[in-house]
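Dear colleague,

Please find the structure below, together with its sequence. My notes on what was found in it follow.

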Amino acid sequence: MQRLTRLILLTLTAVSLSACRIVETVPFVDIPRYMGLWYQIAANEVSFNEGLVGVTAEYTLLEDGSVEVLNKGYQDTLDGELNQITGNATIWDDETNSKLKVVFPGAPDLPYPNYLIVVLDEAGYEYAAVTDPFEYTLFILSRSPEMSENTYSMILGQLEALGVDTSELVITPQALSEE
């Protein structure tokens, strides 16, 4: 019975994916340059990040080529309760490195990449925008806790040109200095 249920879920997922438009990712990501600390500037608020502020993601390249993902955030205020989770990402598309599959403990292990890098500052790797195939999640990331209005507006324009809905983005309060 469990095998049949899994088969049905995989079939439904495949049908859903084939019916949806997959947003175009960036042509290439230099994974070692992408590693390090990123600040969440804005995001679609969904169940797993609801009410979190001061959110960061830290990516570490492991010897086997996978990536350790450490997400941290504080509940409601910058001095609120710390929430953190560590997951693992694998590169799904070796040609571009712009599609990754991220798995966190307790979350479903999806049969497709769920971390699509759709905007990237190719010169300096100072900002990025990431979504999933269903565009349920959307994150605007920066190497610093602040982003200029011009850069933010430019990223929104790039996302809209890709057909990505930005109407659900919520600005994420960030601490302005590391303590």
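**Residues in loops**

Asp76 is exposed, at 55% relative accessibility; exposed means over 50% relative accessible area, buried under 20%, and partly exposed in between (1.4 Å probe, protein chains only). Please note that this is a predicted model, in which local features need pLDDT of at least 70 and side-chain atom pairs count only at pLDDT 80 or more, while totals for chains, interfaces and linings use all residues. Residues are numbered from 1 along each chain as its sequence is written, and side-chain values use heavy atoms, with hydrogens and water left out.

Asp76 sits in the loop between β3 and β4, and its phi is positive, near 70°. Asn97, in the loop between β4 and β5, likewise has a positive phi, of about 60°, without being a glycine. Most residues other than glycine have a negative phi. Asn97 is buried, with a relative accessible area of 12%.

**The chain as a whole**

The chain contains three helices and nine strands. Helices (H or I, at least four residues) and strands (E, at least two) are DSSP runs, numbered from the N terminus. Their order from the N terminus is α-α-β-β-β-β-β-β-β-β-α-β. Of the 179 residues, 42% are buried. Among contacts (heavy atoms within 4.5 Å) with a separation of 6 or more, 52% join residues 24 or more positions apart.

Beyond its neighbours within four places in sequence, Gly36 is in contact with Ala57, Glu58, Tyr59 and Arg143.

**The nonpolar cores**

A nonpolar core is a set of buried Ala, Val, Leu, Ile, Met, Phe, Trp, Tyr and Cys residues joined through side-chain atoms within 4.5 Å. The largest has 22 residues, and those touching the most other members are Val29, Tyr34, Tyr59, Tyr115, Ile117, Leu120 and Leu141. Strand β6 contributes the most to this core, with three residues. A second, separate core of 17 residues includes Ala129, Ile140, Leu159 and Leu169. In soluble globular proteins, nonpolar side chains tend to be buried together.

**The largest pocket**

A pocket is an open set of points on a 1 Å grid over the protein atoms alone, where a 1.4 Å probe fits, with protein on both sides within 12 Å along at least five of seven lines; lining residues have an atom within 4 Å of a point. The largest pocket holds about 950 Å³ of space, a volume being the space filled by probe spheres set on the points, which are joined across faces, edges and corners. It is lined by 39 residues, and Phe48, Asn71, Phe104, Thr137 and Phe139 lie nearest its centre.

**Salt bridges**

There are two salt bridges, each a side-chain nitrogen of Lys or Arg within 4 Å of a carboxyl oxygen of Asp or Glu. One joins Lys99 and Asp93 (3.3 Å, N to O); Lys99 is partly exposed, at 22%, whereas Asp93 is buried, at 17%. The other joins Lys101 and Asp109, with the closest N and O atoms 2.8 Å apart. Here Lys101 is buried, at 15%, and Asp109 is exposed, at 53%.

Yours sincerely
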